[in-house]
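Let's work through a few exercises together. Take your time with each task before you read its solution.

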Amino acid sequence: MAELDKADAVFEGGGVKGIGLVGALEHLEERGVKLQNVVGTSAGAIVAALVAAGYSAGELSTIMEELDYRRFTDMSALDRVPLLGPALSVLREKGLYEGAYFERWLRDLLARAPRKVRTFRDLHMQGEQPGSKYFYKLQVIAADLTRRKQLVLPWDIRDYGMEPEELDVARAVRMSMSIPFFFEPVRLQDGGGLTCYIVDGGVLSNFPVDILDDKSLEPPWPTFGLKLVDQVNDLGVAEEAPSRIQGPVSLLRALFSTMMEAHDRRYIQEKNFDRTIPIPTLGVKTTDFGIRRERSQALRVSGQKAAERFFQKWNFQEWIQKHRVPEVMARRDAEATGPAAPRGPEPMHSAM
């Protein structure tokens, strides 16, 4: 494989399992690959935001391994009412946990990052024009349950009367990681005054790996998907273990895992499979907030090994010839035989 020095990346969500994403990043960094635009959902949004803010893979590894995930399970006074508290919290507040600690934690990390990030104004891509989908180094996926719509932030924050420049990055990631029933959704009002409930983007698409694709015949660098899977077979194909349902909590976990994974698993195209690093999660569950350090370390190593295996076979030019060239030529043929229409320049990365 020719050496690559740049790539885009799309990080799948998966709660605590996101530690595995950091391990894969460590291998990318060892190879000298510098990430440009990054996209993330849920835990993937956390990693993507910290990458966009300038943290190295080694620094992320330290952050994630020293983190006590149980602190994310912050409860209100209502939650602490014996026996009935959790049920009342879900009914009245729409979630067990507040999410306030998480938002403060991430905002502090972003403020201390090499790029000193607060809003998306701090995440402009050098050489990109306003309006380009590559203008912001970071994009975050969330879901509006009220309007039944996927949100790509910061762009779609305009629906709620705010400019993308002004959106607080920690707040955007808080929206993306609001696992239904576990964390309270973020409430926003749209232009008509409707109260909208914003939750984890995995509800609609946990792994939009093609979101950064341009229409050029030869993209200047690849986009890699980093996907969290139960296990990988001898052929390198991801396999998902069945959910074990033994009570209401495990039922909620299974419900959410199905929402996050089934759609993307069914519709992921071969072109996306071929550029995806499948990271075995070693039985760790999305909401294993009490994960032990040794399990955390094993998950990180799993990500490292997964990336190493992937790059033993990956070839960017082969991917272009197999997937991009036929796709672009088919589109051009369709345009040539269809109704004539004015065409502007095709969006693509600026040469940097």
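A residue counts as buried when its relative accessible area is under 20%, as exposed over 50%, and as partly exposed in between, using a 1.4 Å probe and protein chains only. The model is predicted, so to speak of local features takes pLDDT of at least 70 and side-chain atom pairs count only at pLDDT 80 or more, while totals for chains, interfaces and linings use all residues. Residues are numbered from 1 along each chain as its sequence is written, and side-chain values use heavy atoms, with hydrogens and water left out.

**Exercise 1.** Find what share of the residues in the protein chain is buried.

*Solution.* The protein chain has 352 residues. Buried residues make up 52% of them.

**Exercise 2.** Work out how helix α2 and helix α6 are oriented to each other.

*Solution.* Start with the places: α2 covers residues 43–52 and α6 covers residues 169–176. Next, their axes (lines fitted to C-alpha atoms over the stretch in contact, with angles from 0 to 180 degrees between N-to-C directions) cross at roughly 160° and come within 8 Å. Angles over 145 degrees count as roughly antiparallel. Therefore α2 and α6 are roughly antiparallel to each other.

**Exercise 3.** List the residues through which α2 and α6 touch.

*Solution.* Contact means heavy atoms within 4.5 Å. From α2 come A45, I46 and A49; from α6 come V169, V173 and S176. Sorted by kind, the residues of this contact are five nonpolar, one polar and no charged.

Terms used:
Helix = DSSP H or I, 4+ residues; strand = E, 2+ residues; numbered from the N terminus. Parallel < 35°, antiparallel > 145°, perpendicular 65-115°, else oblique. Nonpolar A, V, L, I, M, F, W, Y, C, P; charged D, E, K, R; others polar.
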